[in-house]
Amino acid sequence: MTGIYFSGTGNTKYCLSVFLGSLGGDMFSLEDPKAIAAIADSGNIVFAYPIYYSSLPKIVRDFITKNKDLWSGKNIYIIATMGLFSGDGAGVSARLFTKYGANVIGGLHLRMPDCIGDVKALKRSAERNKKIINVARLKAENAAKLFSEGKPAQEGLNIFYHIAGLFGQRLWFGHKTRVYAESPSIDSGKCVGCGVCAEKCPMKNIRIENSRAVGGNRCTMCYRCFSLCPKQAVTIIGKKVFEQHHIGKYL
Ligand SMILES: Cc1cc2nc3c(=O)[nH]c(=O)nc-3n(C[C@H](O)[C@H](O)[C@H](O)COP(=O)(O)O)c2cc1C
């Protein structure tokens, strides 16, 4: 198996590593130039991403469509992570992969801590987050066992999930992931120009000007810059920093 993932704050990377733990196989971020060759060389792919507004992060959708010739004939198992609910989290990429000739063999939904740290809703205690991660780990391990027995989970893939995703969120908020955002906002009074955000941004959407970070207009809203800023100077959807989530705090 070859694992391919996108992960803003580490949840999805962690879940994929648990799933592949017993099955074996290498994993690559879609930001890694080696990912393309790894996909081309493998017949069996586990593709993992976080759900944004019951839809795909723009960076993930673009990766799938830009490389549309890569998917034909591949067996693809999809892992979608989410803070609470996605409806058809795995289904949104499954439909694209199928369109490009892939054989979608399974889908797994894993609930993880919410990463939108500048909105108060869904913020949980550290203890609660640890429990959520533990439940997700056990579910991913069990899904890997079932997969190895030829019984891959089918979450997110049928019409009922599709309807739930559409009416639960996508009809109202799905447009937010159709284009890149003009973000992040950086408080120049707090920013010290350390450059961590610019270095880690998967979209290369942050530059340093006059010793201060400045956001551009190609933000995929992954919250990596937000979660890594040592001065809490970054916001994306909200205006205040409530919690800088990163999976590393819990492992
Ligand atoms: C812009 C944005 C939108 C999100 N929308 C949803 C959502 O619709 N439903 C949900 O359950 N979680 C949602 N989340 C939470 C993430 O899917 C969740 O925290 C995920 O595990 C983060 O994965 P990562 O750490 O690999 O980036 C959203 C997160 C972001 C940043």
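Which residues surround the ligand, and which of them are the closest? In this predicted model, the ligand is surrounded by 25 residues, and the closest of these are Ser7, Thr9, Thr12, Ile51 and Gln169. For cysteine 115, a backbone N or O atom lies 3.2 Å from an oxygen atom of the ligand. Taken on its own, the ligand has 650 Å² of accessible area, of which the protein covers 97%.

The protein itself is divided into two parts, with domain 1 spanning residues 2-176 and domain 2 spanning residues 180-237. The contact between them draws 17 residues from domain 1 and 13 residues from domain 2, while the centres of the two domains, taken over C-alpha atoms, are separated by 25 Å.

Between them, domain 1 and domain 2 bury about 1,300 Å², and 60% of this area falls on carbon and sulfur atoms. On the side of domain 1, Tyr52, Ile59 and Asp118 supply 33% of the area buried against domain 2, which is more than any other three residues contribute.

By class, the side of domain 1 that touches domain 2 comprises 8 nonpolar, 4 polar and 5 charged residues. The count of salt bridges between domain 1 and domain 2 is 1; a salt bridge is found where the side chains of glutamate 31 and arginine 224 meet, with an N to O distance of 2.8 Å.

Key: Residues are numbered from 1 along each chain as its sequence is written. This is a predicted model: local features need pLDDT of at least 70, side-chain atom pairs count only at pLDDT 80 or more; totals for chains, interfaces and linings use all residues. Side-chain values use heavy atoms; hydrogens and water are left out. Domain bounds come from an automatic or database domain assignment. Contact means heavy atoms within 4.5 Å. Buried area is the accessible area (1.4 Å probe) that two parts lose on being put together, summed over both. A salt bridge is a side-chain nitrogen of Lys or Arg within 4 Å of a carboxyl oxygen of Asp or Glu. Ala, Val, Leu, Ile, Met, Phe, Trp, Tyr, Cys and Pro count as nonpolar, Asp, Glu, Lys and Arg as charged, and the others, Gly among them, as polar. A residue is near a molecule or strand if one of its heavy atoms lies within 4 Å of it. A polar contact is a pair of N or O atoms within 3.5 Å; within protein, one must be able to donate a hydrogen and the other to accept it, and residues adjacent in sequence count only if both atoms are side-chain atoms. Accessible areas come from the Shrake-Rupley method with a 1.4 Å probe; for residues, only the protein chains shown count as cover.
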